[in-house]
Amino acid sequence: MKIFEYLSKLDRRIIYLILAVVVIIPLVFPKPQSVRVMEPARKLFNAVNAIPDEKILMIDFDYDPQTQPELQPMAIALLRHAFTKRIKVAALSLYVQPLGLAKAALDQVTEEFNFQAQTNADSIIYGRDYVFLGWQPPPIVPLLGMGTSISNVYKTDYYGNKTDTLPLMKNVKNFNDVGILVSVSGASAPLWWVAYSQTRYGVAVGAGITAVSASDFYIYLQTGQFSGLMIGMKGAAEYEEMVASDLKVQGKRKASEALGSLTAAHITIMIFIIIGNIGFFLRRRK
Amino acid sequence: MNIASDIWIWIGALLTLCIFSFLYKDNPFYKFAEHLFVGVTNGYFVTITFHRVLMPNAISPLFTQGKIWLIIPLIIGALYLTRFIPRISWMIRIPIAIAMGYIMGTAIPATIEAEIVRQIQGTILTPQNFQAWNAGSIGILWSIILFIGVVCTLSYFYFSREHKGVLGVTSKIGIIFIMVGFGAAFGYTVMARISLLIGRLQFLLGDWLGIIQ
């Protein structure tokens, strides 16, 4: 029994070290993990798949480097999905911090597709296939303003081009031309899109969220306010899996590669919790 | 092993290690990285706000396009700075009142509709809600559990009567639902935090040291 008492008083730095080792080993020696796609991610995938030709996918990048490991793979998988299906994309952000990450995701996926493209029609071209609207504060302005006119809210895009001169934007006037808006967010942005844009203009909203906020957002999936949901790194891996298996798109799958480490870390933490509880009850019995 | 030659990756990796060093104990490396982060973030935010908000929306139209009326919101916005002058610091109430009035006016109806009305609709036992679970005939069971959970949890937060009798039973069931909710939230929190650690280690082992692909 002394072992449990010793373990329950273990220096936290040793626990950190154990966790680091447990996370690193599966990264260095990876084993393929099967990804079981859950209903929330499948719904989102189907909703994006069902976007009609004349409508676009709007992606709201609302995360910063703090939540990048969970959310950037979601955004990349979404872009791969859209570009494979030739769905037009408009990207934007409600905050200033995500601009760099949004640009990095757009550049990466565009480069992946253009590397394999053989003709101009196969290529992903800025202005024709996607636009990056950038950032227009305060958030309430795009949330409500785009219901009337997108180019009035974003007069220029991220690169300083006049928005209404971009070919893609010629047929995209307001939320009526948006098939679904997917908010990839480390904060409350998906809820804002539901509360303001969906309530007032009826735009369909999907979300990619951090695992820590999952229990806050699940309720909106059940009511149908979210068309689909990606939750944390697991949700990102599920979307990557669907893009790879259903659409046969190749590319680096950072979230899927991390699942081995995630599983190992979860098992380790569960063991720590069990040991800690046994130690607690043993000490109480004394 | 293919160590990065990009100087920015090295800077990112060394700053990551500085932050990680806090796991051992507080130290000057951690403090350096923390202060640098705060400074860079503020500098970035101020600069980009000036160039992407103030310039295109206010200063440029005012001085180059002659939109004189823009001087009114500029002055109202500038009243925030009166906070630094004690004699006229009361004037800060003007922009705060305008901002609060606008935000509350737009937020209240939207929040009531999205977060109260729609959530109540989603809790009511209707055939449409049974189908929302995509669980076939079991959907009705999930809807009933949800309904019981909502009612019992709400009863736990009813403090105007002592929790005895029927209220005592429902509030105790409510506690069970609350605890399950806490457990789920904690589990998701663990997943989120470990994911962030994995992300950093992927950067250190992959982008920096080139140990992993």
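## Starting point: helices and a glycine

A helix here is a DSSP run of H or I at least four residues long, and helices are numbered from the N terminus. With that in hand, take a look at Gly202(A): this glycine comes just after H8(A) and takes a positive phi of about 75 degrees. Keep in mind throughout that this is a predicted model.

Helix H8 of chain A itself covers residues 189–201.

## Chain A at a glance

Chain A has 11 helices and six strands. Along the principal axes, its C-alpha atoms fill a box of roughly 75 × 45 × 30 Å. Of the 286 residues in chain A, 53% are buried.

How much of the contact in chain A comes from residues 24 or more positions apart? Counting contacts with a separation of 6 or more, such pairs account for 74%.

## Where chain B meets chain A

Now for the interface. Chain B puts 44 residues into the contact and chain A puts in 52 residues. About 4200 Å² is buried between the two chains, and carbon and sulfur atoms give 66% of that area. On the chain B side, Arg52(B), Tyr188(B) and Met191(B) lose the most area to chain A, together making up 14% of what that side buries.

What about specific pairings? The count of salt bridges between chain B and chain A is zero, while eight residue pairs are in polar contact across the interface, with both residues at pLDDT 80 or more. Three elements of chain B give two or more residues to the side that touches chain A: helix H2 (28–64), helix H4 (93–123) and helix H7 (165–208). H7(B) gives the most, with 18 residues. By type, that side of chain B divides into 27 nonpolar, 11 polar and six charged residues.

## The nonpolar cores

Nonpolar side chains tend to be buried together in soluble globular proteins. In this model the largest nonpolar core has 72 residues. Those with the most contacts inside the core are Val48(A), Leu57(A), Phe61(A), Leu78(A), Leu79(A) and Tyr239(A).

Setting aside neighbours within four places in sequence, Tyr239(A) is in contact with Ala41(A), Leu44(A), Phe45(A), Val48(A), Ala77(A), Leu78(A), His81(A) and Met230(A). There is also a second, separate core of 41 residues, which includes Leu143(A), Trp193(A), Phe217(A) and Ala107(B).

## Salt bridges

Over all chains, the structure holds 12 salt bridges. In one of them Asp246(A) pairs with Arg42(A), with the closest N and O atoms 3.0 Å apart. Asp246(A) sits in helix H10 (residues 232–247) of chain A and Arg42(A) in helix H3 (residues 39–49) of chain A, so this pair ties together parts that are 204 residues apart in sequence. Asp246(A) is partly exposed, at a relative accessible area of 38%, and Arg42(A) is partly exposed too, at 27%.

Glu112(A) and Arg80(A) form another salt bridge, and here the closest N and O atoms are 2.9 Å apart. Since Glu112(A) belongs to helix H5 (residues 99–116) of chain A and Arg80(A) to helix H4 (residues 68–84) of chain A, the pair ties together parts that are 32 residues apart in sequence. Is Arg80(A) buried or exposed? Arg80(A) counts as buried, because its relative accessibility is 4% and the cut-off for buried is under 20%. Arg128(A) pairs with Asp129(A), with closest N and O atoms 3.0 Å apart; Arg128(A) is partly exposed at 25%, whereas Asp129(A) is buried at 7%. Both also belong to a network of salt bridges that links Arg86(A), Lys88(A), Arg128(A) and Asp129(A).

## A buried serine in chain B

Last stop: Ser155(B), in helix H6 (residues 139–156) of chain B. Ser155(B) is buried, with a relative accessible area of 11%. Beyond its neighbours within four places in sequence, Ser155(B) is in contact with His163(B), Leu167(B), Thr170(B) and Ser171(B).

Methods. Residues are numbered from 1 along each chain as its sequence is written. Chains are lettered from A and ligands numbered from 1 in the order in which they are written. This is a predicted model: local features need pLDDT of at least 70, side-chain atom pairs count only at pLDDT 80 or more; totals for chains, interfaces and linings use all residues. Side-chain values use heavy atoms; hydrogens and water are left out. Contact means heavy atoms within 4.5 Å. Buried area is the accessible area (1.4 Å probe) that two parts lose on being put together, summed over both. A salt bridge is a side-chain nitrogen of Lys or Arg within 4 Å of a carboxyl oxygen of Asp or Glu. A polar contact is a pair of N or O atoms within 3.5 Å; within protein, one must be able to donate a hydrogen and the other to accept it, and residues adjacent in sequence count only if both atoms are side-chain atoms. Ala, Val, Leu, Ile, Met, Phe, Trp, Tyr, Cys and Pro count as nonpolar, Asp, Glu, Lys and Arg as charged, and the others, Gly among them, as polar. Buried means under 20% relative accessible area, exposed over 50%, partly exposed in between (1.4 Å probe, protein chains only). A nonpolar core is a set of buried Ala, Val, Leu, Ile, Met, Phe, Trp, Tyr and Cys residues joined through side-chain atoms within 4.5 Å.
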